[in-house]
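Reader: I am new to this structure and would like to go through it by question and answer. Please show it to me.

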Amino acid sequence: MYLPSSIRCALVVASLSLGLSDLLAETPPPEVQKLSEQNAAAVQNESFLIVEPGPVVVSTLYNDGSVVAWPSKTKWRPMCGGKPNITRKEFMRQTEPLRNEFDKALQAPQPQKPEGGGVNIIFSNAASVPAAALPAIATVETYIEGLFADVVTFQINVSYANLGGGVLGATGSNYVFPSYTTVRNGLINGMDGDDSIQAFLPAGSACPVRYNGSSDTITNEFFIDVTRANYKATVGSASNLAAGMTFNTAFSWDYDPSNGISGGTTDFQSVLVHEVIHAMGFTSGVDDQCFNGSNAMEMMDIFRFSGVDGCCDYDPDTVMEFQTAPRIGSCDNPNNQHYTDLGTLEYQMEDGNPWQASHFDESVNAIMDPNIASGQSFWPNFMRTPDLTVLDAIGWEYPICTLPCDDGDVCTVNEICSGTTCVGNPVDCAAAGDDCNAASCDPSGGEGNCTILTPANEGGPCDGGTGICQAGVCGPDPGDTRVFMVRAGQQVSAPANGPTSLTMAQGGSVTVEVWLADTDPQSLGGYQIAIEGTATPQGGANGTVTYVDNNPGVPIGDSVLVDQARSDWALFPLAAQATVFYAEGGLPDGFAFIGTLPFGQGNVINGLAYLGEFQLTASPGAISAFTLNFIPVGMPPDGGSGLSDQTGAGQIIAQYQPLNITVEIGVPCTTATQCGDALPPFGIVDDNCFFFTCDGSCSLAPRIFADMGGAFGLCPSDGFANAFDANHALLCFADVNPCDGINIDAGGPFGDCAPDGFCNLFDANHALAAFAQANPCSCPANGPAPTVDPIVVGQTGITVDADQRCLSRGETVDVKVILTQPLDDLRGYQLDLDVSGGRAGTLELVAVELERTQAFVFNGRGDTFDATNIEKSQVLCGLVGEGVETPASAYLATFTYRASEDAVGTFVIDVPKDGQTYLVATDNGKIEPTRITPAVILVTQDARALR
């Protein structure tokens, strides 16, 4: 059922204000019918509910300020941690002292805590509570109080007792028993910006409910059970004592889930949060029918409906049907077909058998799961979106953070919403520093101020390379010794700094020499050079470049006398008898380490001097760019590169020149795909700055950024980035590209220039942005711009909505994907759905399409582009131009599934957390889907009986 955000109704309702004498004189509701023997047998006594009367509650209503008085009651149940293995009689006997103590506490004066600044919880801890539990209780208090904006205080008594081995503990929640009209008025009165469905609750003095799911008989319920905490948050004032909880000392508890849950123990914090949520109103009167044989409606039940339409459209599809359709209060009937319906979304609930109805169905990812098992934890964000959404609907104000927001910290920028909290990123002060100092944010200087400087880069080069950093000041450089790498044959004619790049063929080798170039005379006593290589893949490293010993016959690690015939060997006097060691190992990518022992005497170097050499060999399939770098300074035994003076102890400052090596392609081929980089299962994609072709042998040519192919489907690039390139990306996404998807990966998500291994929405966006000259990415000599984190510019919810919830084998179901929150700017989106669950078989995707209806998110725009892929279960859609404003309930796409012939069980169609679902704004800003509501579908052999 969908509630358009444009619907805002002002309803005039008659308020009900009863004085104390009026209420006490009024005849209470008639005694409700008992469970049928059939239903009672179905429950099999798997849980208990003990209901006891409480004192009269005198209250001032928030809605109109009138003073009323209501009866109260306390409901005791076992804590939720598996099915109790004790009898009801045993549970009553074990909890009798607890119930008596709580009853006395209800009559006695209660401690007060000033109301203000949101929810205040008073945990009144008995002497029996162990010391280890106290910090955990305080943590839970802080956590829950930080989630809600209601200015309300409620008290929970906590104790420990030995209740035997059957239950984790016992919880008793105190209930107020107000009229339905009072409850309805309270919910409407407390609506905020994210509430709407409360305005469509049934009008009048009663709420319709079916207490027998096999009958069409409707009962008008004039009074509602509301937990005292929920009553205080929604309806009116009341004293603080809301619940009592006793934890069983017969169980082992883990009080600190931050380091994991120890074997054989139960997470105390998760259980406590779960039980507090019950006290806050996450309860159902269906449990009264299942376990006590009586009928009752509780606050959450006014949103509870049958998932089976039956004779009279019991499952509402519109707000008007929501207002008139009877609620469901029947134990285990219809079986597994109870739903909490909140207008724009719904959640499947337990039906009382085998689990208490005061819970979500086990398929819902929430802490209000019916069973918190040993070893299970919901730490640290205990409440999930379904928990918070339902609590918000029954009157708790969950303040959703909205953009733009300010976290109040002057040293953070680009704030985003994380749940209810505004979170900023630290100010980047790098640009405010210099060679020898690092800048940081000065809180006293205002928003984003970078003024505090601290010494940095100590001993490193500064001032353009003419000095070194000393305590934050650029000091004199004792020398300008430089070490370079050059190719064989270029050492004499090369400029002083040597070449910075070279090429080598696949399967070929190149000799790399290390030279020293010095403009000032240096007295050099010895040196060691450590070199490592890093690969920059062109679509992924394919093949290798390896070090080859350039002194065959000399084992690695042994020594060899300096070749005396080579007169340019460091220009050392021949009498020096230098001994050179070659060593390999412990370095990335298998590159060489070249070293020497100190020569024992100074050698004046002025100009170019040869230090050593090694070979690199590329494998036949190598397609990569490699960079050779010197490992940072560190004389023996540190293993880095360094130059020492004549004593062998003093270090000479050196600058090191890297060498870039590109492996040329020349292997035989018959198709371009043999030259590319295959990345299954998502097709073939390659580097965004090179284009791979095959003309008998592979060749590699530079290209402009996002030039993925030519006009009208031609595969060679044409020198332009335009709409044709966007089409190439869409065809690749749909697996129908005649170019086999090669050369398509133009970049990553949200404007990231680095290829991400997929051809999708982002590649089309890169092409269109490049055409509009609005893309910061390019292909200069040094490659695309560096990677940056995406900026979050908005948040929204996504609902996966099925047109029917029960299928027979072989039947199909249409699943629509809907936005649940409005957006200021949406330019494109990509959806990825996943099917899980079921006891056998599956839901097979048979079609993906865009229905361009009135509700379509880009309705009326002629500049849309889209593509679908059934095998990937994905669809993308975007605009060539700028994004548009979209309302809540905007339609995105339709996925059609067919139940396989062997399918049976409950299936969940959801947006996978690590999938390919993205929403993008005009400037590549990221829109986060923070609330995902999946579709839950039951498949049976014959579903007609359930409809």
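Reader: Where is Ser-873 found?
Author: This is a predicted model. In it, Ser-873 has a phi near 55°, a positive value in a residue other than glycine. Ser-873 lies in the loop between β45 (864-869) and β46 (874-879).

Reader: Is Ser-873 buried or exposed?
Author: A residue counts as buried under 20% relative accessible area. The relative accessible area of Ser-873 is 10%, so Ser-873 is buried.

Reader: Which loop holds Ser-889, and is Ser-889 buried or exposed?
Author: Phi is positive for Ser-889, near 70°. The loop is the one between β47 (884-886) and β48 (891-899). Because its relative accessibility is 19%, Ser-889 counts as buried.

Reader: What is omega for the peptide bond that joins Asn-353 and Pro-354?
Author: Most peptide bonds are trans. Pro-354 sits in the loop between β15 (346-349) and α10 (385-393). The bond joining Asn-353 and Pro-354 is cis, with omega about 10°.

Reader: Where is Pro-334 found?
Author: The peptide bond from Asn-333 to Pro-334 is cis, and its omega is near 0°. Pro-334 belongs to the loop between β13 (327-328) and β14 (338-341).

Reader: What covers the buried residues of α4?
Author: Helix α4 covers residues 133-145. Its buried residues include Ala-133, Ala-136, Ile-137 and Val-140. Residues three or four places apart in an α-helix point the same way. The cover over the buried residues of α4 includes β3 (119-125), β4 (152-161) and α7 (268-279).

Key
Residues numbered from 1 in each chain as written. Predicted model: local features only at pLDDT ≥ 70, side-chain atom pairs only at ≥ 80, totals over all residues. Heavy atoms only, no water. Helix = DSSP H or I, 4+ residues; strand = E, 2+ residues; numbered from the N terminus. Expected span 1.5 Å × (residues − 1). Buried < 20%, exposed > 50% of the residue type's maximum accessible area, 1.4 Å probe, protein only. Contact = heavy atoms within 4.5 Å.
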